[in-house]
Amino acid sequence: MYSGYSGPTACDIAHKKLRSNLKASKGYDSDQCWNLAESLEKAMLRTQGDIYEKWTDTGIRHGVHSTVVLVRDGHIVCSNAGGGSAVICRADGYIGMLTEASDRLDMIEKPSARVFGLDWEDEFIVIGCPEFWKFMQVNRSVNMAKAALCKYRDVKYASQKLASAALASGAKKDVSVMIILLNSNCAFSKSTANPNQDGTNSNLRPKLSLKGSDEMSISDVSIVSDSGELVPQKSLFRGSGPKAPNVFEARRAHTTHFASMRGPFM
């Protein structure tokens, strides 16, 4: 997902070049997720170089926020450069931050890619641009997406609902939001919804860490309690990793829908 700064030029370059730069890298077709992560980092740097070439040609320093999430063979490889972010929701109600805010793609010194193992309880990922997260709390966004998926069983509708909610909450620029459906059986099931999360807590900032390639799991996670306090949790994704026996169908196929809506003052 790309969001332009001071014009669309850098955003257009990232849209055209990042994917081709990634596919051209040696590690793109590797079976090892770590090689794919390294390739993503290099592709982002190459795309940054493409932006700098445009700066030289035009004399105008356009910028771009970039959030990249790859789902392959039971793993998530993601990287963020800018104010966008990606969050993942599980069937048990836990929410994990996959990315952290950083400098924009045109400013970042060294892009960093992160690798996570998927679990059969992982339902969907929400990716939003900076303007979206400026007006939408994490819990509210996830709960709204979950409710829409349960009721309408439609990823497109759920994405559009989130974008509309951001505009209704005060967003004045273009709003872009994407939902990656990982496990439709869980995401479309009302029984997996967490009734205790009402979207009123905005201080959800979990810290994610990895334990190595043989037993990848996400640990040291903080969630928001009913009282609004951060509560440390261990092993957010239980049984995740390449050796997990029940990694769901996301390793073979997943559904993505992107919604973009223009604010009232563009």
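## First stop: valine 64

Select valine 64, which, leaving aside its neighbours within four places in sequence, is in contact with Tyr2, Ser3, Gly4, Tyr5, Ala10, Cys11, Ala14, Ile51, Ala81, Arg104, Leu105 and Asp106; contact means heavy atoms within 4.5 Å. This is a predicted model, in which local features need pLDDT of at least 70 and side-chain atom pairs count only at pLDDT 80 or more, while totals for chains, interfaces and linings use all residues. Residues are numbered from 1 along each chain as its sequence is written, and side-chain values use heavy atoms, with hydrogens and water left out.

Valine 64 is found in strand β2 (residues 63-72). Helices (H or I, at least four residues) and strands (E, at least two) are DSSP runs, numbered from the N terminus. Is valine 64 buried or exposed? At 0% relative accessibility, valine 64 counts as buried; the term buried means under 20% relative accessible area, exposed means over 50%, and partly exposed lies in between (1.4 Å probe, protein chains only).

Valine 64 and isoleucine 51 stand 13 residues apart in sequence, and their C-alpha atoms are 9.2 Å apart in space.

## The whole chain

Zoom out to the complete chain. It has six helices and eleven strands. Of its 266 residues, 53% are buried. Among contacts with a separation of 6 or more, 70% are between residues 24 or more positions apart.

## Helices α1 and α2

Select helix α1 (residues 9-23) together with helix α2 (residues 33-58): they pack at an angle of about 140 degrees, with their axes 8 Å apart. Why is α1 described as oblique to α2? The angle makes α1 oblique to α2, because angles under 35 degrees count as roughly parallel, over 145 as roughly antiparallel, 65 to 115 as roughly perpendicular and the rest as oblique. Axes are lines fitted to C-alpha atoms, for helices over the stretch in contact, and angles run from 0 to 180 degrees between N-to-C directions.

To see the contact, show the side chains of Thr9, Ala10, Ile13, Ala14, Lys17, Leu18, Asn21 and Leu22 of α1, and of Leu36, Ser39, Leu40, Ala43, Met44, Arg46, Thr47, Asp50, Ile51 and Lys54 of α2. By class, the contact of α1 with α2 has ten nonpolar, four polar and four charged residues. Here Ala, Val, Leu, Ile, Met, Phe, Trp, Tyr, Cys and Pro count as nonpolar, Asp, Glu, Lys and Arg as charged, and the others, Gly among them, as polar.

- **Threonine 47** lies in helix α2 and is buried, with a relative accessible area of 0%. Not counting residues up to four places away in sequence, threonine 47 touches Ile13, Ala14, Lys17, Leu18, Asn21 and Leu105.
- **Serine 39** also has its place in helix α2 and, at 5% relative accessibility, counts as buried. Serine 39 and leucine 22 are 17 residues apart in sequence, yet 6.3 Å apart in space, C-alpha to C-alpha.

## Aromatic pairs

Next, select tyrosine 52 and tryptophan 55, which both lie in helix α2, three residues apart, about one turn of the helix. Tyrosine 52 is partly exposed at 31% relative accessibility, whereas tryptophan 55 is buried, with a relative accessible area of 16%.

Move to phenylalanine 132 and tryptophan 133, an edge-to-face aromatic pair with 4.9 Å centre to centre and 75 degrees between the planes. Rings of Phe, Tyr and Trp (its six-membered ring) pair if their centres lie within 6.5 Å; planes under 30 degrees apart count as stacked, over 60 as edge-to-face and the rest as tilted. Phenylalanine 132 is buried at 0% relative accessible area, and tryptophan 133 is buried at 15%.

## Last stop: two positive phi values

Most residues other than glycine have a negative phi. Select aspartate 73, which has a positive phi of about 50 degrees although it is not a glycine. Aspartate 73 is in the loop between β2 and β3 (75-81) and counts as partly exposed, at 41% relative accessibility.

Finally, select arginine 153, in the loop between α4 and α5. Its phi is near 50 degrees, a positive value in a residue other than glycine. Arginine 153 is exposed, with a relative accessible area of 54%.
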